[in-house]
Amino acid sequence: MNVDGVNSGIVLDHIQAGKSMAIYRYLHLDKLECCVAIIKNVKSGKLGRKDIIKIDAELPMNLDVLGYIDPNITVNVIKNGEIAEKKRLDLPRELVNILHCKNPRCITSAEQEIDHIFRLDDLEKQIYRCVYCETKSKE
């Protein structure tokens with residue numbers, strides 16, 4: 001298989017195998033007018049198998065979403081066909097409007113304009129809690 005390189009854009013590398021479609025949905029990549037390539041189950045010496053997403057455009061990237069889905073992702077910013085910047089991610093301490101509280105009694109259920117804010121409660125288990133009602137979420 002042959003997938004063209006990116007001249008100017010972003011390459012998301014080291015995505016855990018099978019998680020590329022979740023990233024595609026969370027980042028709304030279907031709304032882009034540029035070329036987006038999803039390469040699944042690529043052989044990897046480090047991970048065994050991995051996914052890669054190539055985006056042939058420069059665009060703002062929500063690193064919190066990426067870190068939440070898979071904190072091992074590497075974000076490569078490509079300029080003139082070369083890696084200009086490499087970003088490594090961590091599990092975000094706080095998520096704003098990425099998760100939505102499922103508690104029907106939470107203030108976010110009644111007040112639609114309030115941001116859904118979750119804070120990391122358990123780093124090892126990757127559990128977040130709503131800041132308003134403390135409902136835990138692990139989507």
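1. Throughout this note, a residue is called buried when its relative accessible area is under 20%, exposed when that area is over 50%, and partly exposed in between, with a 1.4 Å probe and protein chains only. By that rule Cys133 is partly exposed, with a relative accessible area of 26%, whereas Cys101 is buried, with a relative accessible area of 10%.

2. The model is predicted, so that local features need pLDDT of at least 70 and side-chain atom pairs count only at pLDDT 80 or more, while totals for chains, interfaces and linings use all residues. Residues are numbered from 1 along each chain as its sequence is written, and side-chain values use heavy atoms, with hydrogens and water left out.

3. On the two cysteines named above, a disulfide is taken as a pair of cysteine sulfur atoms within 2.5 Å, and by this rule the count is 0 disulfides. Cys101 is in no disulfide, its nearest cysteine sulfur being that of Cys133 at 3.5 Å; seen from Cys133, that distance to the sulfur of Cys101 is too far for a bond.

4. The chain holds 3 helices and 9 strands, where helices (H or I, at least four residues) and strands (E, at least two) are DSSP runs numbered from the N terminus. Read from the N terminus, the order of elements is β-α-β-β-α-β-β-β-α-β-β-β, and the C-alpha trace spans about 50 × 30 × 25 Å along its principal axes.

5. A nonpolar core here means a set of buried Ala, Val, Leu, Ile, Met, Phe, Trp, Tyr and Cys residues joined through side-chain atoms within 4.5 Å. The largest has 26 residues, of which Leu12, Ile23, Leu27, Leu66, Ile73 and Tyr128 touch the most other members. At least two residues each come from β1 (9-16), β3 (48-55), α2 (63-69), β7 (117-122) and β8 (127-130), with α2 giving the most, 4 residues. Because domain 1 (9-87) and domain 2 (94-130) both give residues to this core, it lies between them; the domain bounds come from an automatic or database domain assignment. Apart from this core lies another, of 5 residues, including Val6, Val11, Ile52 and Ile78.

6. With contact meaning heavy atoms within 4.5 Å, Ile23 touches Leu12, Ile15, Ile53, Leu66, Ile69 and Ile73, leaving aside residues up to four places away in sequence. For the chain, among contacts between residues at least 6 apart in sequence, 54% join residues at least 24 apart.

7. Finally, buried residues make up 38% of the 139 residues in the chain.
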